[in-house]
Every structure is written in structure tokens, then in C-alpha cells.
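Welcome! Take a moment to look over the model below, and then we will walk through a few of its parts together.

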Amino acid sequence: MSDLEFPVLGGWTMRRAGMADLEQIAQLERQIFVNDAWSPELWRQELASPHTWYLAVVPVDDPVVVRGYAGLLALPGSKDADVQTIALAPDVRGVGMGRELMNQLHAEAQRRGVRDVFLDVRVDNDRAQQLYHSLGYTDIGIRKGYYQPDDVDAIVMQLPLASNRPAAESTSGGGPAAESTSGGGPAAESAGGEPAAESAGGGTAVDSTAQPANGDQP
Ligand SMILES: CC(C)(COP(=O)(O)OP(=O)(O)OC[C@H]1O[C@@H](n2cnc3c(N)ncnc32)[C@H](O)[C@@H]1OP(=O)(O)O)[C@@H](O)C(=O)NCCC(=O)NCCS
């Protein structure tokens, strides 16, 4: 996809992110997530992975400057994907860019044949939760004390992608497993604030009692 195909909102647009953006992303990460921030080394692994797909939010007139980012992890052949993270600098929020980033991640998941997208979000992050619910995500579980050192729980959310589901499932399948306390993406396997572990890759049968971690964003 050409970068020109990404929309412009309030003077901002997006492009694919890559290793050249590592320093700016790691700096934004520290500013935005503070205690939950991923390390530069983890970011290096995320950006280097062939299975992730990251976008950077940039000013239309200066696409080298990174003011936000979001990424997806989808292992080859897997029907599950994970939103690894999404974040915008304060001056980029509220113009619809968060919603647009999520839509772009979902479109990439569709292209990869994914059926369900998962994410984790802090229970105290109302703004992000509102965004995800408005996009069709449902809560499927809680990970107690997932975000450390703040000792904040994570809500696990799931979005079925209707167009990639067998017709028989389209009305019943993929619905929220309300009773489940597991599920979710590789975030569950991550520890110490690490992003989703590729080895586990988007599985839904994940032990939600996995050790508390600094957690993924979202
Ligand atoms: C979460 C975040 C990505 C949302 O992006 P955004 O650009 O601010 O959101 P948008 O302008 O696209 O708005 C999308 C939805 O978010 C919600 N939202 C936006 N501003 C909000 C506010 N001030 N209060 C509550 N909800 C809000 C609304 O549901 C909104 O939909 P609507 O405009 O149709 O009502 C952004 O606020 C952010 O980077 N926050 C800090 C990092 C973070 O928390 N990341 C998520 C980790 S799980």
C-alpha cells in the first residue's frame, strides 16, 4: 500500500513505521506510558519482526517526525492477531486518528485472513476502552495485576472480523466468551512489559493468570 492511500486528519497522516523510527518511538513511549513503557530493545524486536505491521503518525508536511504509532502482530497462517500497542502524542489526540489507526490495523488483519483480533487495556483507561467498544470489541476477561508496578488489571478484548469468518459462524461464532477469563493474544504470554510474544502467537487459550507483567499496551 502506498503511503498516499492513508487518510489525512487535522494535518496528520500515517505511514508504515520501520527501524529508522526506533529512537522517536522509544522516546514517545516513555513520555506516554511512563511505568508501562516498553524498552528500546523490545521496540527494536517489534519493528524488526516480519510478523508485525506498524504504522507511524506523522505531520503531513514532515513525515520524518513521529507523533504516534500503532501495531499489529499476526503470525503466518494464524486466525488470531493482536493489537500490540497504540499511542498518540497529546496534540494528536481527539481528531479521529486513534480510530483511523485501529481501522488500518483491522484492514491489515483482514488482508492476512485473521478471524479475531485481541488486545489488552488497563481497567483505568476509559478513553481507550470507549474507542475499542465503539469499534465492536467486547470484554472477554480480566488479567489481575497485569500492569506492574502499578498493580492495575487488564481487560482482555476481542473483535471478530466478520468477513474472514465462515458463513456458519457469522451470526453466532466469534462472539464474546463472557465467562472466559482467558483468551486474548500473545499479550498473555508476555512478561515484564514485553509486547506479545511471537512464539505463542495470538492464541485464545491463554492462561490469564500468567504472571503479572508490566503489560502490553493497549
Ligand atoms: C487511546 C488513544 C489512542 C485514542 O486516540 P484518539 O485520537 O484520542 O481518539 P479518537 O479521536 O480517534 O476518538 C476515538 C474515540 O475515542 C474515544 N474518545 C476520544 N476522546 C475521548 C475523551 N476525551 N474521553 C473519552 N473518550 C474519548 C471516543 O469513543 C472516540 O470516539 P468518537 O469520537 O466517535 O466519540 C489516545 O487517546 C492515546 O494515545 N492515549 C494514550 C495512550 C493510550 O492510552 N493508548 C491505549 C493503550 S490501551
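## Strands and their partners

Two strands count as paired if DSSP finds at least two bridges between them. Helices (H or I, at least four residues) and strands (E, at least two) are DSSP runs, numbered from the N terminus. What you see is a predicted model, in which local features need pLDDT of at least 70, side-chain atom pairs count only at pLDDT 80 or more, and totals for chains, interfaces and linings use all residues. Residues are numbered from 1 along each chain as its sequence is written.

Let's start with R16, whose bridge partner in β2 is L55. Strands β1 and β2 (residues 52-59) run antiparallel and are joined by five bridges.

## The whole sheet

In what order do the seven strands of the open sheet stand? The order is β1-β2-β3-β4-β5-β7-β6, with mixed pairing. β1 (12-16) and β6 are at the edges with a single partner strand each, so one side of each has no neighbour in the sheet. On average, neighbouring strands are turned by 25° against each other, direction ignored. (Axes are lines fitted to C-alpha atoms, for helices over the stretch in contact, and angles run from 0 to 180 degrees between N-to-C directions.)

Helix α3 (residues 97-111) packs on this sheet and touches β1, β2, β3, β4 and β5 (116-122). Contact here means that the C-beta atoms of two residues, placed from the backbone, lie within 7 Å. The direction of α3 makes about 155° with that of β4.

## A hairpin at the edge

Now find β6 (residues 138-147) and β7 (residues 152-160), an antiparallel pair joined by six bridges. I142 stands opposite I155 in β7. The two strands form a hairpin with four residues between them, and D151 in the turn has a positive phi of about 55°.

Y146 also lies in β6. Is Y146 buried or exposed? Y146 counts as buried, because it has 29 C-beta neighbours inside 10 Å. (Buried means 20 or more other C-beta atoms within 10 Å of a residue's own, exposed means 12 or fewer, and partly exposed is in between; C-beta atoms are placed from the backbone.)

In helix α1, the buried residues are I25, L28 and E29. Seen down the helix axis, they fall within an arc of 110°, so they line one face of α1; the arc is that of the directions from the axis to the C-beta atoms. The face turned away from this buried side carries the exposed residues E23 and Q31. Among the elements covering the buried residues of α1 are α2 (40-48) and β3 (68-73).
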